[in-house]
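Hi,

Here is the model I promised to pass on. Have a look at it first, and my notes follow below.

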Amino acid sequence: MNTERPEMQDRLERLASAQLRQLPSLRAPAALEARVLAAIALQASPWYARSFRHWPLWARAGFVLLAAAVAYFLSGESVSVFNSAHSELATHGGGAVTEVSSWLNVMRALGRSVVSILQAIPTNWVLLGVAMVFTCYATLVAGGVFAYRTISKV
Amino acid sequence: MRKYQDMVYSTAARLTNDPAQAEDIAQAVFMKAYERFDELAEAPTAPGWLKTVATNLSLNHLSRYRKRLSFIGDWKRDEDDEEVELGPEFSLDESQFDTVADDERQQLIERALQSLPEHQRVPLVLFHFSEMPYQDIAAQLKVSVAKVKSDIFRARATLLKHAAIRNAHEH
């Protein structure tokens, strides 16, 4: 039967429209309303109680800057600044200040250790590691594609 | 929300043909509506707004899904040379489904709609349920108007053929 004739197209459109017009809406799942209400409740909670992705831009930027400052401080680059501050504290400070400064000493030593370990890794090893990660990722994607195509043909 | 949830869910479910995805899209639609609650609460355009957002989110989902599948290399855009043959089970007689009860006929059509390939189902749903003109559908789907008309025509033929075959088999 040739379906390309104009009169056939008109009748087909009329019949299809009549049938489709009578279709009622599909019933939404019963859980939909509860899901939406839960999502709205989550949205209404303060930004700091939600995940980092939902923080306001200034808070995210502030956090990143703070983290960078801490990393810089721990990396030992700020040793001279820290040493002068430490001497000042040791001269004028009491017991609590001494405790804080000894805690800072531990953190500084830890930061130095991490930096010296990172600096001790040969460049070739780093490149080899990156290449291995890339190879593993590519293998995983290829495996996924193969599995998808195999399963979708079944 | 209760008043419109079936309409929003139906729009997404018929476009995506994926109940779980349709539920996610319906949730996103109501979240967007909540953000604009003051504007929409008493607006007579609220149902239209909800339907448009549901349609756009569904089309965005289909577009992303298509990109992923084309990356995997297992998605055929469409079959331009396919020819729909209605066959002997089918006639364009408007009374052919009259012997079937309403709810049964609706189920036949709904199942036939779900069985359509995406490139036929999506323009058909946009035309008949979202009442979009051919030009808008073509713009949304980034294809020519002639292609949209051809796909909708084939979709109608396939839909009614599938429904007629199911009807013939079940009775």
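In chain B, Arg14, Leu15 and Thr16 of H1(B) meet Arg121, Val122, Val125 and Leu126 of H6(B) (contact means heavy atoms within 4.5 Å; helices are DSSP runs of H or I with at least four residues, numbered from the N terminus). By class, that contact has 4 nonpolar, 1 polar and 2 charged residues. The axes of H1 (residues 5–16) and H6 (residues 118–128) of chain B come within 8 Å and cross at roughly 150° (lines fitted to C-alpha atoms over the stretch in contact, with angles from 0 to 180 degrees between N-to-C directions). The two are therefore roughly antiparallel (angles over 145 degrees).

Bear in mind that this is a predicted model: local features need pLDDT of at least 70, side-chain atom pairs count only at pLDDT 80 or more, and totals for chains, interfaces and linings use all residues. Residues are numbered from 1 along each chain as written, chains are lettered from A and ligands numbered from 1 in the order written, and side-chain values use heavy atoms, leaving out hydrogens and water.

B:Asp24 forms one with A:Arg35, with the closest N and O atoms 2.6 Å apart. B:Asp24 sits in H2 (residues 19–35) of chain B and A:Arg35 in H2 (residues 31–44) of chain A, so this pair joins two chains.

Cheers

Notes: Parallel < 35°, antiparallel > 145°, perpendicular 65-115°, else oblique. Nonpolar A, V, L, I, M, F, W, Y, C, P; charged D, E, K, R; others polar. Salt bridge = Lys/Arg side-chain N within 4 Å of Asp/Glu carboxyl O.
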